[in-house]
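Good morning, and thank you for coming.

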Amino acid sequence: MNREKLEKYILDTYGIEPDHPWQDEPDNTVFRHQINRKWFALIMKISEEKLGREGRRPVDAVNLKCETALIGSMLLEPGIYPAYHMNKDHWITAALDGSAADETILMLLDLSFSLTAPKFKKRDKSQSDMI
């Protein structure tokens, strides 16, 4: 999967437009929930060495929030790495150069979207009795 396919999937599936919060880094794109403004994906261009690979070639990658219990097994998958520049207990990085399976990236994206979604509190029973 490449950057363009992932951005199109996000727009088509969630209706979320890309955000470019860093004017001096136009290759960094954030996708966030409209209600709580939490990020669920950060697409960036980084060098291979930042992923722990050999080389300095720039590569597109995406940071995604992940369940802590799942991170260890996901790191065994090709193209999946410890989170770059994020909390490695809660985030993971996937290379967008074809080394990670499209299905894996989309599964992680959907998980990240749900983990960062707004949480709606149940109404207090005493309040609902008053209505």
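**A loop residue, and the fold around it**

At 67% relative accessibility, H85 counts as exposed; the term exposed applies over 50% relative accessible area, buried applies under 20%, and partly exposed covers the values in between, with a 1.4 Å probe and protein chains only. H85 sits in the loop between β4 and β5. Its phi is near 65°, a positive value in a residue other than glycine.

Before I continue, a word on the source. This is a predicted model, in which local features need pLDDT of at least 70 and side-chain atom pairs count only at pLDDT 80 or more, while totals for chains, interfaces and linings use all residues. Residues are numbered from 1 along each chain as its sequence is written, and side-chain values use heavy atoms, with hydrogens and water left out.

R37 lies in the loop between β1 and β2, a hairpin with six residues between the strands. At 45% relative accessibility, R37 counts as partly exposed.

Let me now turn to the overall architecture. The chain has four helices and five strands, where helices (H or I, at least four residues) and strands (E, at least two) are DSSP runs numbered from the N terminus. From the N terminus on, the order of elements is α-β-β-β-α-β-β-α-α. The C-alpha atoms fill a box of roughly 65 × 35 × 25 Å along the principal axes. Of the 131 residues, 39% count as buried.

The strands form an open sheet of five, in the order β1-β2-β3-β5-β4, with antiparallel pairing; two strands pair if DSSP finds at least two bridges between them. The edges are taken by β1 (29-32) and β4 (80-82), each with a single partner strand, so one side of each is left without a neighbour in the sheet. From one strand to the next, the twist averages 25°.

Four bridges join β1 to β2 (residues 39-47) in the antiparallel sense. Within this pairing, F31 stands opposite A41, and V30 has L42 as its bridge partner. How are the side chains of β1 arranged? T29 and F31 point one way, V30 and R32 point the other way, and all are buried. In general terms, side chains in a regular strand alternate between the two faces of the sheet.

Moving inward, β2 is mostly covered, with seven of its nine residues buried.

Next, the helices. Helix α3 (residues 102-116) lies across β2, β3, β4 and β5 (91-95), and runs at about 45° to β3. Angles run from 0 to 180 degrees between N-to-C directions, with axes fitted to C-alpha atoms, for helices over the stretch in contact.

L111 is buried, with a relative accessible area of 13%. Leaving aside neighbours within four places in sequence, L111 is in contact with K65, C66, E67 and L70. L111 and A101 are 10 residues apart in sequence and 16 Å apart in space, C-alpha to C-alpha.

The other is Y14, found in helix α1. Not counting residues up to four places away in sequence, Y14 touches Y9, F40, L109, D110 and F113. Y14 and M74 are 60 residues apart in sequence and 24 Å apart in space, C-alpha to C-alpha.

I close with the chain as a whole. Among contacts between residues at least 6 apart in sequence, 48% join residues at least 24 apart. The chain exposes about 7900 Å², of which carbon and sulfur atoms supply 53%, by the Shrake-Rupley method with a 1.4 Å probe, and for residues only the protein chains shown count as cover. Thank you; I welcome your questions.

Conventions. Contact = heavy atoms within 4.5 Å.
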